[in-house]
Amino acid sequence: MLNNLEQQPADALLALIKLHNEDPRVDKIDLGVGVYRNGQGDTPVFAAIKAAEKKLLETQDSKAYLGPEGDMGFVHALMPYVFGKDDPTKGGRIDGMQTPGGTGGVRLAVALAKRAGVKRIIMGVPSWPNHAQILADLGVELKTFNHATKDGVVDMDALRAVLAEAGEGDAILLHGCCHNPTGIDYSNENWDEIAGLIAARKVLPVLDLAYQGLGKGMEEDAYGVRCVLAAVPEALIAYSCDKNFGMYRDRVGAVYVMVSDPAQLGAALSNGHALARAAWSMPPDHGAAAVRLILEDAGMTKLWLDELDSMRTRMNQVRARLAAAGKVGSVDFAALGGQNGLFSVLPLNGEQILRLRNDHGIYMAGSGRINVAGLTMGNIDKFIADVATVAA
Ligand SMILES: Cc1ncc(COP(=O)(O)O)c(C=O)c1O
């Protein structure tokens, strides 16, 4: 039977990483992989994480099983950042559980939505490719709409149109901030309108917050989530700490459930526990425990927030420098200045992307997505000049 399994295509980004690693050119530039890079091109462990790991090593006295919900201290410590300090549980209507990364959070949110009766999930495209894969794997129908227009702004008309024909039994999956891959986010005014539309159509929001703090700031990046939650009776929220704590391989995430009746919260979450138990039993502990230690300690929290600030500042500098280059052949870098987070998409075709790779050692996804954190003050002029050559 196993001999009959068909070869599956390799993950395109992982294949790109391999090609980049094998390229001997010293001035090659990796804009493919989705991790933050500092001005030296490195992805270092946060100093706050190092401090927390040291403390964990000294104080952790057991590795006994926790449970499918994982480290609830971690889950609760994050809540004021996501839902606001005033009433993070919204009167006992929100609670969550730890998941293996934001991916585990999205997976569980979609599986919970399906269990609750959702048949179809509406999602803007392009999106993080794993969103569609998760929906397909769980057998949930996907209905797409254009996330952005050709002019590089959110396509509110497409969103209004798709919601106009949506109703009960539908969910909508939205990126909380730092849209992957476009970097094109909803404004606060857009969110206000979206929240109203979702509430009016009785569509279940599934909000994916994977880059909080990497856009405009921790509070600012939570606007969309908080605004939608204020308007609707129930929602699912997937969260990743893998980018804003630099924990990628340690798989730190959570899923939160908001119900309308606090008395039903335990029952709703027990479905999450059952789904997790059957899938991964319980999430890996280490990363979430380290994040919890940071959030429980004012000094370490400040260290973490300062590191996050410096990451955001660096990415904004790169974006400002790109924007200053303006129109370079058919690519208008000016638009990238107003976009958020790690990613943007350049309007390049397959041949141009291949020429950048073969002739200039510049690696980017086949979709034209670039990780702006792959650019430094040392390589950005070369990058702009090389794009000018192929996009002329
Ligand atoms: C939009 C989005 N959601 C969720 C994730 C999942 O992140 P992780 O599973 O690494 O925590 C990512 C990662 O790239 C993402 O871009």
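Predicted model: local features only at pLDDT ≥ 70, side-chain atom pairs only at ≥ 80, totals over all residues.
**Core**

I looked up the largest nonpolar core first. It has 111 residues, and Val82, Ala109, Val206 and Ile237 touch the most other members. By nonpolar core I mean a set of buried Ala, Val, Leu, Ile, Met, Phe, Trp, Tyr and Cys residues joined through C-beta atoms within 7 Å. A residue counts as buried if 20 or more other C-beta atoms lie within 10 Å of its own, as exposed if 12 or fewer do, and as partly exposed in between; C-beta atoms are placed from the backbone.

Helix H11 (residues 298-325) gives the most to this core, with eight residues. Helices (H or I, at least four residues) and strands (E, at least two) are DSSP runs, numbered from the N terminus. Domain 1 and domain 2 both give residues to the core, so it lies between them.

Residues are numbered from 1 along each chain as its sequence is written.

Next I checked Val82. Leaving out residues up to four places away in sequence, Val82 touches Leu209, Ala222, Val225, Ile237 and Tyr239. Contact means C-beta atoms, placed from the backbone, within 7 Å.

**Domains**

I read the division as domain 1 (10-45 + 300-390) and domain 2 (65-296). These bounds come from an automatic or database domain assignment. The C-alpha centres of the two domains lie 27 Å apart. I found 20 residues of domain 1 in contact with 23 residues of domain 2. On the domain 1 side, H11 and strand S11 (343-345) are the elements that give two or more residues. H11 gives the most there, with six. That side divides into 11 nonpolar, seven polar and two charged residues. Here Ala, Val, Leu, Ile, Met, Phe, Trp, Tyr, Cys and Pro count as nonpolar, Asp, Glu, Lys and Arg as charged, and the others, Gly among them, as polar.

**Ligand shell**

I counted 14 residues around the ligand; the closest are Gly101, Gly102, Thr103, Ser240 and Asp242. The cut-off is a C-beta atom, placed from the backbone, within 6 Å of the molecule. Helix H4 (residues 101-115) supplies the largest share of the shell, four residues. The shell divides into four nonpolar, eight polar and two charged residues.

**Helix H10**

Last, I looked at helix H10 (residues 286-295). Nine of its 10 residues are buried, so H10 is largely enclosed by the rest of the structure. Among the buried ones are Gly287, Arg292 and Leu295. Their cover includes helix H2 (47-59), helix H3 (72-83), strand S2 (94-100), strand S8 (252-258) and H11.

Key. Contact = placed C-beta atoms within 7 Å.
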